[in-house]
Every structure is written in C-alpha cells, then in structure tokens.
Amino acid sequence: MAQFEINTHRFDPYKNFKFVVKWDGRPVAGVSKVSALKRMTEVIDHRSGGDPSTVYRSPGQTKYEAITLERGVTHDLEFEKWANKVHQWAGDPAMDLANYKKELTLEMLNEKGHVVLRYFLHDCWVSEFTALPELNANANAVAIEMLKLELNGWERDQDTKEPN
C-alpha cells in the first residue's frame, strides 16, 4: 500500500520546515519553530478481587502538553499583546482576562506550499513569554522571542485532503 493515495509516486514523508501558524484568522508573522503536539493519557492500574495476581490497566485523565512558538525579534507586538492579557507590569488592576484564550490553527505545507495537514489548537493561553533572549556580543545568532502556550486540546482537521 502506498503512503499517499493521490500522489502514489511519492514515498518520502513531508518535511517539517514549511508551516503556518494562524490566530485571529490571520497568519502570525515570522514563526520559525513550533514544538511538538503531544498528549498523554494516564494509566490506571486495578485488580479484580477474585484474581489478585493480575493487574488490569484502564485509561485515566488525558493531558495536552504545552507548546512553544518561537520567532525572531521584530517590531510586531502580537506576541507581547497576547502575553499581556494574562499579566501586565502594572499588576492585578491592569489585568484583563477577557479574550486571553485563542483558537490557533497549525498548517503543515508541502514543498509547493499547499496545505497537507491542519490542526486546530483549542483554548490556548500564554503561560510564559520571553521578550528578549540572553544577549551575547560574541554570538552569531538571531534574537528569538518565545511564547509558551497552555491548551485544552487539539484535533486534526480530517477535511484537509492530500493535494493533487
């Protein structure tokens, strides 16, 4: 069986360097790295009273791990504006938790730039914000800002089909 139904001549998997992150219905500028989408379901061990030597396992609570978004530092304030909805320097009276959660869309693209996979990330909010990295005059690197996002779940868009 071929890996690809439409492009049966293709056998290599998709590359991980072409993707788009969207929030508020538009692409987020300059995102260069997104951590893995990962969930874990706890295992509950239990035994039957009539068979004390056998341990049975059942699924327990499921947790979705936080993800990080990284991009080079620019004059775009969207990362900082979102992070400020959870906490501002002025303290609690300045906090505005209205609209602090966002729905994100993560799209993976093929070499031609067509969407091949799409995931919806639900109820995301900023738990960590790095405005500036460590600064080092001897380094040869781009300054990176980072958001760590907590989320309540994600799902794959099964309507996104393999492009022709």
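1. Start at arginine 71. Its charge lies over the face of phenylalanine 79, at 4.0 Å from the ring centre. A charge counts as over a ring if NZ of Lys or CZ of Arg is within 6 Å of the ring centre and within 35 degrees of the ring normal. Lysine 102 lies over the face of tryptophan 82, at 5.5 Å from the ring centre.

2. A word on the source. This is a predicted model, where local features need pLDDT of at least 70, side-chain atom pairs count only at pLDDT 80 or more, and totals for chains, interfaces and linings use all residues. Residues are numbered from 1 along each chain as its sequence is written, and side-chain values use heavy atoms, leaving out hydrogens and water.

3. Now the aromatic pairs. The structure holds five. Rings of Phe, Tyr and Trp (its six-membered ring) pair if their centres lie within 6.5 Å; planes under 30 degrees apart are stacked, over 60 edge-to-face, the rest tilted. Tryptophan 23 and tryptophan 82 form an edge-to-face pair, 4.7 Å centre to centre, with 65 degrees between the planes. Tryptophan 23 lies in strand β1 and tryptophan 82 in helix α1, so the pair ties together parts 59 residues apart in sequence. Helices (H or I, at least four residues) and strands (E, at least two) are DSSP runs, numbered from the N terminus. Both tryptophan 23 and tryptophan 82 are buried. Buried means under 20% relative accessible area, exposed over 50%, partly exposed in between (1.4 Å probe, protein chains only). Ring pairs link Trp23, Phe79 and Trp82 into a cluster.

4. Tyrosine 64 and tryptophan 154 also pair edge-to-face, at 5.8 Å centre to centre and 80 degrees between the planes. Tyrosine 64 is in strand β5 and tryptophan 154 in strand β10, 90 residues apart. Tyrosine 64 is partly exposed, at 25% relative accessible area; tryptophan 154 is buried, at 16%.

5. Next, the core. The largest nonpolar core has 21 residues; Trp23, Leu69 and Trp82 are among those with the most contacts inside it. Such a core is a set of buried Ala, Val, Leu, Ile, Met, Phe, Trp, Tyr and Cys residues joined through side-chain atoms within 4.5 Å. The largest share, six residues, comes from β8.

6. Two backbone points. Aspartate 24 has a positive phi of about 55 degrees, although it is not a glycine. Aspartate 24 sits in the loop between β1 and β2. Phi of aspartate 123 is also positive, near 55 degrees. Aspartate 123 lies in strand β8.
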